[in-house]
Amino acid sequence: MFVFKAAVVGAGTMGGEIAQVIASAGIPVVLKDIEERFVEQGLAKAREVTEAQLQGLVAKGKLSDEEAQRQRDETLSLITGTTDYGAFGTVDFVIEAVPERIELKRRVFAELDESTPGHAILASNTSSLSITEMGEATSRPDKVCGFHFFYPASVMRLIEVVASEDSSPETLQAAVNFALQIRKTPIRCEEVPGFVVNRILMSSVSEIWRATEEQGLTIEEVDRAVRESGAAPMGPYYLTDLLGLDTVLHVAEHLQEQYGPERFHVLGRLRELVAAGNLGQKTGKGFYEHQRQ
């Protein structure tokens, strides 16, 4: 199946970037959220990413200013913002990118089942929740799969294509093909807690959290040690601020519940910050202070 039109539900930072990725591949995309202000924020993120990418090409001498302006206008013209499902009747592929709550995602999938054509594939950007449970909220569980981007979606090449218990081979192949169509690198995996990347990443971060608490380390010295060692371009605490502390905590607690506290430790300070509403860059404060997004 070739995707001629796509949609993204959830216009947060990730949703806005996903829509931009799709549009930059020349595919019309609808970006939906429940309020106009959220839609505008998602469209603003798409504009910001597009302009940064094109200015980078201009600086390298790969595009003229005129060519960059034309490409900017062409890309952004392909993104349509909305607060309803009116434009979903002609989409081929939908990516759900709403907050990580299974009851919310199931409700969105039920709405998508009613508002999209029968051939459309319904995919979730979840990093850890059950794709099978989402599919059960629809009349087409065979056409439901995971389609997990990594932050920032405009830069990171990898997409996890996740098979539920009901995903058909045709659906999974179509999702792989769509990932290639939008210039990403897909890997296929089964539905297990944390899928592939988060199971590996959170296992490593969990040990860093454990060492931080047991040895009384500061977040600054841990992040500095990781950066200076060349193990990663940024430290785990700063990365958590960018990803969102609430999202990281959700994944960490889910993995701990599934695999046990010996394998996945959860940082007490992370829980405290989330309880206080300090969620990282998006709220202006997490492990570090940030300019509010």
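Tutor: Helices and strands are here DSSP runs, a helix having at least four residues and a strand at least two, numbered from the N terminus. The model is a predicted one.

The structure holds one cavity of 30 Å³ or more. The space in the largest cavity comes to about 60 Å³. Two elements each give two or more residues to its lining, namely helix H7 (197-215) and helix H9 (236-243). The residues that line the largest cavity are Leu-201, Met-202, Val-205, Trp-209, Pro-236, Leu-239, Thr-240, Leu-243 and Val-248. Sorted by class, this lining has eight nonpolar residues and one polar residue, with no charged residues.

A further part of the chain carries a record. UniProt, in an unreviewed entry, lists residues 5-191 as "domain: 3-hydroxyacyl-CoA dehydrogenase NAD binding". Across residues 5-191 the chain is 43% helix and 20% strand.

One residue may be taken up in detail. Lys-45 belongs to helix H2, which covers residues 36-59. Lys-45 has a relative accessibility of 12% and therefore counts as buried, the cut-off for that class being under 20%. When neighbours within four places in sequence are left aside, Lys-45 is in contact with Thr-13, Gly-16 and Glu-17.

Terms used: Residues are numbered from 1 along each chain as its sequence is written. This is a predicted model: local features need pLDDT of at least 70, side-chain atom pairs count only at pLDDT 80 or more; totals for chains, interfaces and linings use all residues. Side-chain values use heavy atoms; hydrogens and water are left out. On a 1 Å grid over the protein atoms alone, a cavity is a set of points where a 1.4 Å probe fits but cannot get out, and a pocket is an open set with protein on both sides within 12 Å along at least five of seven lines; lining residues have an atom within 4 Å of a point. Grid points are joined across faces, edges and corners, and a volume is the space filled by probe spheres set on the points. Ala, Val, Leu, Ile, Met, Phe, Trp, Tyr, Cys and Pro count as nonpolar, Asp, Glu, Lys and Arg as charged, and the others, Gly among them, as polar. Buried means under 20% relative accessible area, exposed over 50%, partly exposed in between (1.4 Å probe, protein chains only). Contact means heavy atoms within 4.5 Å. UniProt positions are given in the numbering used here, feature names are shortened, and annotations may be inferred rather than shown by experiment.
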